[in-house]
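I'm opening my notebook on this one.

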Amino acid sequence: MIKRLLYNSTGQLQALQQDRPPPPTTDILEDTTPAAMTASPEKGHSKTPLSAVAEAFEDIAKRLSSRRNNGEAVDNNDHNVNGEGEEELRLDTFCDACRLVAVLFSCLGLAFKFAESEYVAKVGDLVEASKCFSSLENILDLDVANGTVRTPGSHSRNLRRVRQGLDLIRALFQQFLSTDGDSLKEAATTAYSQVCAPYHTWAVRTAVYAGMYTLPSRDQLLLKLNETDQTAEKKMKRYINATLPVIEYIDKLYISRNITLDW
């Protein structure tokens, strides 16, 4: 359903629904393990997890870049435009890409179990929201109007956490590519400290750092991802380059609404 936002008598935004064809059904619990994604080409899972993730975010980044460069305000299947002709990223398209990242967390084992659980839950909430809201801007505007941007469980708060999850994997990949040795402890510790630690409680940080000793080795991670050193390097770089403009886009949505990013 498309949400149309109107003010009611109390000054709060209400959402009126209009008929439209229902969005594709998605299931956050669908089997996205590396084996499932490579074993069934006839079901569209012929790509490795890294290939699928990189391609999904490259598509989003390409569309955002094309729209900015051309200054166009033409609607299509993956984007809307607001009243000022600026691009709006469709929420369902964003969720489809984010769901693919969950398998990357699962490959990291117990050390990132908390991050995985939080990420999957937040993406699941946005998947449900995509059945009613067409774009990322829609959910932010509703929460801004109702004063619930930072309220636990709000779509805007969950979007913020999903964005951090994408950034955590980006930082981990950067560290993976810039460090030597078979251990992932240094790379994972640095990535977590940069992206998530400032926003987690002492108890969560302590548990995560303690769990770093359970991380798979470099070779074990590559095996889980069905990659070699050479193929992983190329695809990790693709993910890094593709997610940076998407993360920047999300940050600007908050900043343009006078919402700080220190939470």
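Entry 1, the biggest hole. I looked up which helix gives the most to the lining of the largest cavity, and it is α6, with four residues. (Helices are DSSP runs of H or I with at least four residues, numbered from the N terminus.) Before going on, I note that this is a predicted model, where local features need pLDDT of at least 70, side-chain atom pairs count only at pLDDT 80 or more, and totals for chains, interfaces and linings use all residues. Residues are numbered from 1 along each chain as its sequence is written, and side-chain values use heavy atoms, with hydrogens and water left out.

I wrote down the rule too: on a 1 Å grid over the protein atoms alone, a cavity is a set of points where a 1.4 Å probe fits but cannot get out, and lining residues have an atom within 4 Å of a point. How many cavities of 30 Å³ or more are there? I get three. The largest holds about 100 Å³ of space, a volume being the space filled by probe spheres set on the points. Its lining includes Phe105, Tyr119, Arg161 and His200. Both α4 (113-129) and α6 (155-178) give two or more residues to that lining.

The axes of α5 (residues 136-146) and α6 come within 8 Å and cross at roughly 130°; axes are lines fitted to C-alpha atoms over the stretch in contact, with angles from 0 to 180 degrees between N-to-C directions. The two helices, α5 and α6, are therefore oblique to each other.

I searched the whole structure and got five aromatic pairs, meaning Phe, Tyr or Trp rings (six-membered ring for Trp) with centres within 6.5 Å. Phe173 and Tyr239 make an edge-to-face pair, 5.4 Å centre to centre with 75° between the planes; edge-to-face needs over 60 degrees. Phe173 is in α6 and Tyr239 in α10 (residues 229-255), so the pair ties together parts 66 residues apart in sequence.

How values were computed. On a 1 Å grid over the protein atoms alone, a cavity is a set of points where a 1.4 Å probe fits but cannot get out, and a pocket is an open set with protein on both sides within 12 Å along at least five of seven lines; lining residues have an atom within 4 Å of a point. Angles under 35 degrees count as roughly parallel, over 145 as roughly antiparallel, 65 to 115 as roughly perpendicular and the rest as oblique. Rings of Phe, Tyr and Trp (its six-membered ring) pair if their centres lie within 6.5 Å; planes under 30 degrees apart count as stacked, over 60 as edge-to-face and the rest as tilted.
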